[in-house]
Amino acid sequence: MAVVVTVAVPVPALQALSYRVPDGMAVPPVGGRVRVPLGRRVVTGCVLDAPDADSDSDTPLPPVELKDLLESLDPEPYLPREVIDLALWVAEYYACGPGESLAAAMPPAALTASGRDGGFRKERVVRLTSAGHDALLAGTAGRLGPRQRAALQRLTGFPDGLGTARLKDDGVSASTVARLRERGLVALDARRVDRDPFASGELGSLEPPGGLGVGHEPTGEQQAALAALGALARERVFRVALLHGVTGSGKTEVYLRLAREVVTAGRRVLVLVPEIALTPAVTQTFRKAFGDRVAIQHSALSAGERHDQWHRIRRGEVDVVVGTRSAVFAPLDGVGLLVVDEEHDTSYKQEESPRYHARSVAIVRAQRAGALVVLGSATPSLETFHHARRGRYRHVALTERVHRRPLPAVQVVDMRSEMASEAGEAGEAAIGRSLAGALEETLARGEQALILLNRRGFAAAVLCRQCGRTFECPNCSVSLTLHRRAGRVRCHYCNYSVARPSTCAHCAGPYLETVGFGTERVEAEVAELVPDATVARLDRDAARRRGAGQSLLARFRAGEIDVLVGTQMIAKGHDFPNVTLVGVVSADVGLQVADFRAAEHTFQLLTQVAGRAGRGERPGTAIVQSFHPEHYSVVHACSQEYVPFFDEEMRYRTALRYPPVVSMVNAIVRGRSPEGAMRDAARMAAMLRAARSTFEVLGPAVAPISRLRGQHRAQIFLKGVNRRTMHTVLRSTLDSNPDLGRRVTIDVDPISLL
Ligand code: ADP
Ligand code: ZN
């Protein structure tokens, strides 16, 4: 009598596998972790299906010989049923393996060998040294063996390094790493692990001096919103509401009071925020109201901290979970309310497998739990507002800032005329005259300013004046960005970098010039413009060190920094009452991207960053520099009006048949040569077309980034109104062509098409 269990293993695109429970081993529970043999490896998987331990039904053995489970790690389910089902939905919908989505639903390392006893206190990571980078660029890597070269290539995209276990999974052996280390091309670090996220004070103390439950007296509009949302929550059935509140309208207070009602009624609350490390306000607010009945889940916590927080949730010790994207899988029982704050934010989409969108997963979770979802934003995604318009989501509005504070006055500066009038003297400046003048006045009044440019580095590219060529990444088809302070040029896609060149790599010409601006350059310019002011920069480079972004924001809040220059990181939900000026160096950066969402993202970014101005007692101004001031995304962001933007954008989406009018899948086919990638993509497109289904197949075409991390890329789009048929055909095509399947990346409901 053999007992057979189905196990999901953390291997990309692999379906669940069957294993035999050896005699004498207790049948592991559904949701328990088990160690199983897989090829020549041993991996940790999660049980998806097992016969009832009490039933003595005799499972007929399938014809193939099954391997035995090696070990059962959890006598009780590690994951609750609800989360397993949610992860299986993700695997199905986003076309990935169940093991991948289950791994995303667990705390880090729960499925690696070290996950055995939750002891993830130290992890060995391997990273490229600058010598390693240089070897790759200079081509001296050619003198290495193929394994060592492959290992170096593997590490290029990971500035913080890759764990040794992960590398091993990718076929990089310990001896290869050891040899590279002897040559000084890689370094080994032990990642520091801190178990108490509250010890550093970055998340606020447990008991605020004012005691639990302090908040604002709600305004009339907040009260009305609460009444509408409260009524929906009390129905205890699946509902979706859009809390559409202008910047500074006090949405957080509404979430908080609603959460309190739901918890009082005996259910639990999950709050998703885009980037918790940068938006501590929501976390703080909830900690003040719920004390230690709140758990935090986000990737800036160490593995150990996340593990501890996760288990507090699992044990039922908390009522509220606040977290980023992956917290949508939190093992929280009895959820009655899910909040997705700044629901339009693209960080809710995971850009690696499983490529899920946390907003969509939250909605599915609510549907199954009979819960209310509140999607909050001043600039809703087209998808969300489209549903609200059609009555599928309840639209709840906050039309004014609290205390009737005015929205910022936005002024557009046409850079074509501004540049022309300055030609000769400061024609190259990133900051035009109007913005420079406003900056000086703001600082003279003792107020603060934010300056946005959504591109990091000093200059977008380095160009040779002799042959006209730019420095390109050896792995990707993009220009290398100059980072002046680091003295390097760097790829923003794979993070490859090399010392700043002094002569052209192509013609050895000595005259190199820089093209375009980045935040580093703007920071330097501002510092020159207002020499007495304290200027700082916040972008991914500045925030690389753990807690660095947080501390910059804290210093800005405390008034120790006068001007903060940064990328979209400075636009996210921050509430700085003393900021009265917001400057946008170039509204056009995002419009140059070849993507149907370019206008939407530009509108959202401009409206959000402008919305950081004048949130305190003094009114705010935003100055937006643009070479396309007549572009509708710029025009409507400047009038701070959502609906006219939505209507105009929907006309384009309807005419060109893009989401939310249709559903879309982006399939990227990778190959060793451009021809190989195109050939495979053409083969796949032909198979999809042969299915003669209801959806359109577009392509193949060369992807906008034609080479990424050393691989050539071709692209196919699927567009249709019936998602299910699209997914079914796609899946059966890939399942019946596994060789092709391994070279294809499927992105369902893509946010970025690059
Ligand atoms: P939003 O997320 O809608 O942009 P926030 O939730 O950050 O806005 O609130 C903006 C500011 O208004 C915050 O400083 C908040 O503390 C304050 N605020 C919110 N509600 C009230 C209220 N009812 N009375 C006074 N101040 C409030
Ligand atoms: Zn690159």
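**Ligand 1 and its surroundings**

A nitrogen atom of ligand 1 is 2.8 Å from an N or O atom in the side chain of Gln222, a polar contact being a pair of N or O atoms within 3.5 Å. The model is predicted, so that local features need pLDDT of at least 70 and side-chain atom pairs pLDDT 80 or more, whereas totals for chains, interfaces and linings use all residues. Residues are numbered from 1 along each chain as its sequence is written, ligands are numbered from 1 and chains lettered from A in the order written, and side-chain values use heavy atoms, without hydrogens or water.

Contacts of ligand 1
- An oxygen atom of ligand 1 is 2.8 Å from an N or O atom in the side chain of His216, and a polar side-chain atom of Arg615 lies 3.1 Å from an oxygen atom of the ligand.
- Around ligand 1 there are 16 residues (a heavy atom within 4 Å), the closest being Glu217, Gln222, Gly248, Thr252 and Asp575.

Zinc site
- The zinc ion (ligand 2) is coordinated at 2.3 to 2.4 Å by the SG atoms of Cys473, Cys476, Cys491 and Cys494, donors being N, O and S atoms within 2.8 Å of the metal (3.2 Å for Na, K and Ca).
- The donor residues of the zinc ion are spaced C-x2-C-x14-C-x2-C in sequence.

Conventions: A polar contact is a pair of N or O atoms within 3.5 Å; within protein, one must be able to donate a hydrogen and the other to accept it, and residues adjacent in sequence count only if both atoms are side-chain atoms.
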